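Here is a short briefing on a sheet, a helix and the nonpolar cores. Keep the structure in view while reading.

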Amino acid sequence: MLQRHTRARAAGAALAATAALLVAGLSGYASAGPAAVAPAPTAAESLRTDAAPPALLAAMQRDLGLDRTQAERRLANEAEAGATAGRLRAALGGDFAGAWVRGTESGTLTVATTDADDIRAIEARGAEAQVVRHSLAELDAAKARLDRAAGELNTADTPVWYVDVRTNAVVVKAVRASAARSLLKAAGVDASLVRTERTTERPRPLYDLRGGEAYYINNSGRCSIGFPVTKGTQQGFATAGHCGRTGASTSGHNRVAQGTFQGSVFPGRDMAWVATNSSWTATPYVKGAGGQNVQVTGSTQATVGASVCRSGSTTGWHCGTIQQLNTSVTYPEGTISGVTRTTVCAEPGDSGGSYISGSQAQGVTSGGSGNCSGGGETFFQPINPLLQNYSLTLKTTDDGGGPEEPPPGGTWAVGTVYQPGDTVTYGGATYRCLQGHQAQTGWEPPNVPALWQRV
């Protein structure tokens with residue numbers, strides 16, 4: 001928080017056709033139709049990794065030690081990895097234990113499973129297989145018990161806990177070992193599921209609007225805009241809940257009257273949205289280096305290990321990687337659950353600002369520790385749950401001029417937030433969601449195999 005003053009056992013059938021290798025070894029989509037039928041778009045094409053602006057690529061080069069070609073390849077590989085992991089998650093069912101990318105260009109995707117019989121299916125998709133003891137569902141359930149227990153405890157000395165798919169454990173970061181033991185006992189979580197790590201960090205909010213641009217709350221505290229949004233004809237922006245309470249007024253970076261907080265949740269989650277007056281127009285951009293516009297084309301959730309960049313009104317553009325999803329963090333004001341932990345730095349005033357992977361919105365800055373001089377870590381509130389909670393529509397460059405009706409009998413709908421495993425009907429067929437995202441015109445299930453699988 002930074003404010004100045006985040007078993008369907010169908011593996012064999014689902015993975016029968018091995019897809020062609022793409023940019024750096026990750027598998028894509030095999031053409032299933034006649035030769036005359038155009039191949040399905042790759043994930044990189046669907047998610048418009050080619051829309052990454054020079055400012056974002058430059059920040060990736062600076063913060064991740066890449067050259068421009070490596071940055072472009074990394075974004076493409078991460079898009080393909082997310083789609084491949086989504087398909088394997090659907091195929092492996094209860095065996096699935098998480099996925100992550102690694103390598104300078106994110107060229108290696110690892111998918112974990114609790115069943116060695118799944119190795120062949122995983123490798124058929126061009127991914128590496130890792131057999132582990134605990135499923136992702138088991139780890140998520142253990143973390144949920146910790147979240148519930150935290151509501152009855154003072155967790156100041158166990159400030160962070162999360163599911164770490166790379167080590168197949170729930171990690172509890174503790175200032176004192178006894179505090180971690182107390183939390184585990186209260187939650188009734190088996191110690192075999194948990195790894196305790198010592199920490200001296202105590203994360204705090206990062207207060208101080210275009211995504212990443214400054215705005216002021218009640219003519220006092222300063223925060224950063226997350227992402228412009230709409231709700232029907234009303235325009236506004238998503239930001240962090242700790243930046244302001246419902247009813248608080250805002251003014252823009254230029255100190256011109258701007259809007260009012262319509263909803264705010266903090267602690268528990270860290271989400272809010274502001275409805276703006278007629279002087280302000282929602283744009284599909286985040287403020288990049290040198291004030292350049294960075295396009296937002298969607299909100300597909302990135303994979304663990306993927307690159308992510310942040311825009312904030314104090315420190316501007318900085319990049320890093322996604323360390324863990326489904327993280328809980330305790331600030332002085334209380335515990336926040338469901339945030340994403342990253343290696344990106346931030347400082348007071350960056351709160352509420354934008355996190356983006358390629359052209360895909362990821363979330364809004366919640367808090368962290370450290371700074372952009374000596375390094376640190378930050379947490380962001382994922383954007384899709386925020387959009388869903390307030391029935392908001394992300395403003396994107398691919399907006400098609402308003403929602404269109406689904407085919408007769410179809411349940412897929414523009415503006416709906418879908419999570420992996422959700423099913424919809426469209427055009428008489430049923431589809432399963434592979435990656436979390438908000439639906440938009442142009443992303444109809446048959447058009448984006450990176451996001452939907454026909455079942």
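Predicted model: local features only at pLDDT ≥ 70, side-chain atom pairs only at ≥ 80, totals over all residues.

**Sheet details**
- Strand 12 (residues 234-239) and strand 15 (residues 271-276) run antiparallel, joined by four bridges.
- Threonine 239 sits opposite alanine 272 of strand 15.

**Helix 6**
- Helix 6 spans residues 136-150, 15 residues in total. From first C-alpha to last it reaches 21 Å, close to the 21 Å expected at 1.5 Å a residue.
- Its buried residues are Leu136, Leu139, Ala142, Lys143, Leu146, Ala149 and Ala150.
- These residues lie on the same side of helix 6 because they cover an arc of only 150 degrees around the axis.
- Ala137 and Arg148 are exposed on the other side of helix 6.

**Nonpolar cores**
- The largest nonpolar core has 35 residues. Leu109, Val111, Leu146, Val170, Val172, Val189 and Val194 touch the most other members.
- Several elements supply at least two residues each, including helix 4 (68-92), strand 3 (108-113) and helix 7 (177-187).
- Helix 6 gives the largest share of this core, six residues.
- Valine 194 touches Val170, Val172, Leu184 and Val189, leaving aside residues up to four places away in sequence.
- Another core, of 30 residues, lies apart from the largest one. Among its members are Leu75, Met271, Val364 and Leu394.

How values were computed: Residues numbered from 1 in each chain as written. Heavy atoms only, no water. Expected span 1.5 Å × (residues − 1). Buried < 20%, exposed > 50% of the residue type's maximum accessible area, 1.4 Å probe, protein only. Arc of directions from axis to C-beta. Pairing = 2+ DSSP bridges. Core = buried A, V, L, I, M, F, W, Y, C linked by side-chain atoms within 4.5 Å. Contact = heavy atoms within 4.5 Å.
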